[in-house]
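Please walk me through the side-chain contacts and the aromatic rings of this model. Keep it brief.

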Amino acid sequence: MGYLKDDNGILIYHNSWTNYIHGWQDRWVVLKNNTLSYYKSQDEREFGCRGSLCLSKAVITVSMLPCSIDQWFPN
C-alpha cells in the first residue's frame with residue numbers, strides 16, 4: 001500500500017484480491033473534501049468513480065486486531 005498527494009486529493013493505492021482468475025489487482029482510493037472514492041485503476045479516474053463514501057459524519061476507530069478498521073456512521 002502507498003499513497004500520493006496531488007491537486008486531486010490524496011490517492012491511496014493497494015493490492016486487492018479480486019478472484020481466482022485475475023488474482024491480486026491494484027486498486028485506487030482517493031480522499032478529497034471528506035469523500036473517499038474508489039477506482040479500479042488510476043487511469044479510470046477520468047471516467048468517474050465506482051463508488052464513494054462521505055466521511056464528514058463518520059466516526060472511525062482502529063481495532064486492536066491487525067489489519068482491521070471498524071467503521072460506524074451515525075444517522
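The side chain of Arg 27 makes a polar contact with the side chain of Tyr 38 at 2.9 Å. A polar contact is a pair of N or O atoms within 3.5 Å; within protein, one must be able to donate a hydrogen and the other to accept it, and residues adjacent in sequence count only if both atoms are side-chain atoms. The Arg 27 side chain also reaches the backbone oxygen of Lys 40, at 3.4 Å.

This is a predicted model: local features need pLDDT of at least 70, side-chain atom pairs count only at pLDDT 80 or more, and totals for chains, interfaces and linings use all residues. Residues are numbered from 1 along each chain as its sequence is written, and side-chain values use heavy atoms, with hydrogens and water left out.

Arg 27 lies in strand E3, residues 23–32 (strands are DSSP runs of at least two residues, E, numbered from the N terminus). Its relative accessibility is 9%, so Arg 27 counts as buried (buried is under 20% relative accessible area, exposed over 50%, partly exposed in between; 1.4 Å probe, protein chains only). Leaving out residues up to four places away in sequence, Arg 27 touches residues including Ile 12, Tyr 13, His 14 and Tyr 39 (contact means heavy atoms within 4.5 Å).

Now the rings. Rings of Phe, Tyr and Trp (its six-membered ring) pair if their centres lie within 6.5 Å; planes under 30 degrees apart count as stacked, over 60 as edge-to-face and the rest as tilted. The count comes to 2 aromatic pairs. Trp 17 and Tyr 20 have ring centres 5.4 Å apart and planes at 80°, so this pair is edge-to-face. Trp 17 and Trp 24 have centres 5.6 Å apart and planes at 70°, so they too are edge-to-face. Trp 17, Tyr 20 and Trp 24 form one aromatic cluster. Trp 17 is partly exposed at 40%, Tyr 20 is exposed at 78%, and Trp 24 is exposed at 56%.

Technical notes: Helix = DSSP H or I, 4+ residues; strand = E, 2+ residues; numbered from the N terminus.
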